[in-house]
Each structure stands twice: as structure tokens, then as C-alpha cells.
Amino acid sequence: MSLVQNPAIVYISPAELVVHPKLIEIYGESEERPALEKSISEKGILESLKVSARTGVNVVLAGKCRLQIARQLGISTVKVEFVESGSPKEDLKLVLDFNLHREGGKTHYQKFHEGQYWESVLRPQAKERQRESARRLNGSKYSNLNHSINESKSQLKKGKPVIQEVSENLNISVGSYHKGKKVFELISQLREMEKFKAVVALEMEFNRSIDAAYKFVCNQDICYQVINLLEPDEIGSIGDGIAWMLNGDRNPFRGFQLDQVYQFKKRLRPELEIVGRVIGITNEFVVFGLRNLVNMSLEIVNLRPRQIDAELQDEPSASQRKRIFHLMQKFSDVFPVQVSLAELLKLPNLTDKEEVLLRMYESDVFEKTWEDYKTQMKAMEISTNRKKDNIRAA
């Protein structure tokens with residue numbers, strides 16, 4: 001496959017040209033290119049359309065927008081350059097090659113459509129390079145292990161990783177390409193499921209921000225509920241859906257509040273108590289504090305709202321919690337006490353031993369001991385400062 005040597009530039013009617021379906025699939029049937037339209041209206045088409053006549057039909061492989069604008073402006077003939085192609089596969093490669101550095105910018109969705117093609121082309125080439133490297137190593141006349149290792153490293157350097165090469169072709173980072181692939185795959189699945197309103201909305205979000213679309217797709221609690229709202233036109237965009245889910249009645253987190261206690265219908269694990277306290281709410285999880293009945297320690301469990309099969313309970317430790325808050329204020333300058341009290345607040349209820357600990361903190365003995373400790377520390381600080389002053393004076 002190659003371009004025709006010294007190809008003749010010809011002028012033919014737009015009516016005699018058809019656009020390659022891959023161009024329409026990637027870039028859409030109609031595009032808004034005001035700058036290009038202004039240029040063509042003032043100067044005409046400066047760059048020729050690339051066309052294949054392999055099948056007897058003049059198929060445009062590059063220049064879809066120029067052809068579209070020419071038809072809109074009523075231009076009678078357009079500049080065409082015929083290129084050689086021997087098969088549909090070669091047609092497709094020319095489409096991607098000609099449009100790799102397409103002017104006017106590409107959306108993220110268009111780039112990842114191209115990326116899908118480049119992966120299909122480059123992965124077999126990478127595998128062939130690996131096989132060729134293996135054949136060379138196996139056919140080596142030398143048996144020295146170090147020589148084989150060095151030669152292996154040399155072979156690996158000859159080809160870039162496929163993902164890196166595709167990312168460079170698309171002019172995006174490898175990390176963004178990995179994220180974008182996940183979004184692109186969901187868009188493709190939605191298209192197969194004929195959820196076209198969701199496809200349009202997710203494409204728009206994807207084109208706006210790869211990171212935002214990736215986070216949305218990864219948050220399954222919200223993602224699929226928003227998709228189901230898009231099809232019946234209850235919302236108009238991904239952003240509207242996220243706002244509704246986070247603030248409206250459909251928000252799966254809406255019923256949960258910090259410090260609530262829930263009794264689960266069955267134990268999350270055999271060693272865990274059946275009741276748990278809500279100690280955190282993130283963008284993805286409701287965080288529960290539960291008692292481990294084996295060692296009586298606190299255990300943290302992250303659950304998505306749809307995983308929570310539990311009923312809200314009346315507060316079982318209201319009076320104890322009130323005492324804990326009072327003690328935290330009283331001993332605000334005692335870090336170990338603060339830590340132990342904060343951990344007690346995460347438990348759904350307290351054991352008898354923990355009640356004894358509370359009473360100890362509340363007792364005059366503990367308070368007197370702590371006051372004596374502070375007095376001793378202050379006396380030691382004064383003594384140390386005096387010694388420093390004497391040393392300086394000497």
C-alpha cells in the first residue's frame with residue numbers, strides 16, 4: 001500500500017463522492033467547523049481530499065468536513081487526490097493515517113475510537129516482535145547466560161509498549177488512556193444496549209473531562225442509577241444526574257447520618273456484632289464501626305448503600321455518649337485520653353469494662369492524679385529553665 005507516485009490532482013463534483021463509513025462512525029455525520037467554513041468560502045479548498053477508487057466508487061478517506069462544507073456552500077467541484085489501496089483493511093488504515101493529526105481538534109471520544117483501531121494494529125506487531133526476539137535468542141550460537149540476558153534487553157528496547165505508542169499517537173498520557181478506555185468501553189456497551197440517550201450524555205461528559213467521566217463510571221452506586229434516569233428524560237446530563245443523586249430523593253446515601261446505629265438482618269461476618277454505628281460517609285461508602293466479638297476491639301467496615309441490609313435503631317448509648325463528650329472537653333489537653341474516648345464513640349455500645357474506664361476518667365482519683373502530674377511537670381520545667389539560666393550566667 002502506498003500513495004500514487006506523482007498523483008494527478010483532479011476536480012470532480014461533490015455528488016460523485018461518498019464518505020468512508022469509518023469517518024462517519026468516528027467523527028459523526030455532521031461537524032461544526034466555522035473557521036474551516038470561513039476559509040473555504042473565501043479561498044476555496046486548499047488541501048485536496050484523499051479518495052480511493054478501489055471499488056469503482058469514489059470513497060473519501062480524508063476530507064469529510066471539506067466535502068460537507070463544499071456541499072453546503074454549493075461548490076460545483078472539489079480538489080481530489082486519488083490514492084492506491086488494495087483492500088478494505090488498507091482503506092481503513094489510510095483513514096486513520098490521514099486523520100491522525102487532523103486539524104480542528106478531536107474530542108476524547110473520537111481519539112479513543114482511533115485508539116481502539118491502533119491497538120488492533122499494534123498488538124499483533126508487538127507479539128511478532130516478541131516472537132522474533134525469542135527466535136533470535138533460541139538460535140544464538142552462544143550459551144553464556146549474561147549474553148542472553150543482555151541480548152534480551154536489547155530486543156525489548158526496539159519496540160515501545162503498545163499503550164505508550166497509542167497514547168503518543170493520540171497525544172494523551174498513558175494514565176489518561178487507561179482511564180478513558182474504561183469510559184469508552186461503557187459507552188460501547190450502552191450503544192449495544194440501545195441506550196442512546198445515555199450514550200450521548202456520557203460522550204458529552206467524556207469529552208468535557210476524562211477524569212470526571214472515569215470517576216463517574218467507577219462509582220457504580222450512582223452511575224447506573226443516573227443512566228436509568230437519562231433514558232426516560234428525567235434528567236438531561238450526567239452532571240444533572242449526579243446532582244440529583246447527591247441532593248435529591250434518589251440519593252442512596254440520603255438516609256444515612258453520622259453516629260446512627262443500625263442492626264443488620266444478618267451478621268456481616270460471624271465474629272462481628274450484628275449492630276454497627278455509622279462513623280463516616282464518603283463518596284462511595286457508608287463506613288460502619290462494629291464490635292469484633294472475638295477480641296472485643298473496634299472493626300471498620302466500608303459498605304456501599306446497596307449492600308446495607310439493616311434497620312435503623314434507637315440510640316443505645318445516649319447517656320454514655322453525653323458523658324464521653326463531657327470528658328473529651330474536660331481532658332482536651334490529654335492526648336491519650338482523647339484517643340481512647342474517640343474510639344469509644346465509634347462503637348455501637350459499650351461493654352462493662354468500658355463503662356468502668358469511663359467511671360475511672362470521671363473519678364476524683366483520676367482527676368487528682370492528673371492534676372498532680374501536671375504540677376510535677378510544671379515544677380520540672382521551672383527547674384530545667386533555672387539550670388539553663390545559671391549555665392548562661394556562668
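**View 1**

View 2. Phe 216, placed in helix H10 (residues 210-218), counts as buried because its relative accessibility is 4%, where buried means under 20% relative accessible area, exposed over 50% and partly exposed in between, with a 1.4 Å probe and protein chains only. Leaving aside neighbours within four places in sequence, Phe 216 is in contact (heavy atoms within 4.5 Å) with Leu 202, Ile 222, Cys 223, Val 226, Ile 238 and Ile 242. Val 226, with residues up to four places away in sequence not counted, touches Phe 216, Ile 235, Ile 238, Gly 241, Ile 242 and Met 245. The C-alpha atoms of Phe 216 and Val 226 are separated by 9.7 Å, the two residues being 10 apart along the chain.

View 3. Helix H3 (residues 64-73) is largely enclosed by the rest of the structure, because 7 of its 10 residues are buried, namely Lys 64, Cys 65, Arg 66, Leu 67, Gln 68, Ile 69 and Ala 70. The cover over these buried residues includes helices H1 (21-27) and H2 (34-43), together with strands E2 (17-19), E3 (49-52), E4 (58-62) and E5 (78-82). Just after H3, Gly 74 takes a positive phi of about 75°.

**View 4. The contact of helices H14 and H15.** Helix H14 (residues 335-346) packs with helix H15 (residues 352-362) at an angle of about 140°, their axes lying 12 Å apart; axes are lines fitted to C-alpha atoms, for helices over the stretch in contact, and angles run from 0 to 180 degrees between N-to-C directions. Val 337, Ser 340, Leu 341 and Leu 344 in H14 meet Glu 354, Leu 357, Leu 358 and Tyr 361 in H15.

**Notes.** Residues are numbered from 1 along each chain as its sequence is written, and side-chain values use heavy atoms, with hydrogens and water left out. Because the model is predicted, local features need pLDDT of at least 70 and side-chain atom pairs count only at pLDDT 80 or more, whereas totals for chains, interfaces and linings use all residues.

Notes:
Helix = DSSP H or I, 4+ residues; strand = E, 2+ residues; numbered from the N terminus.
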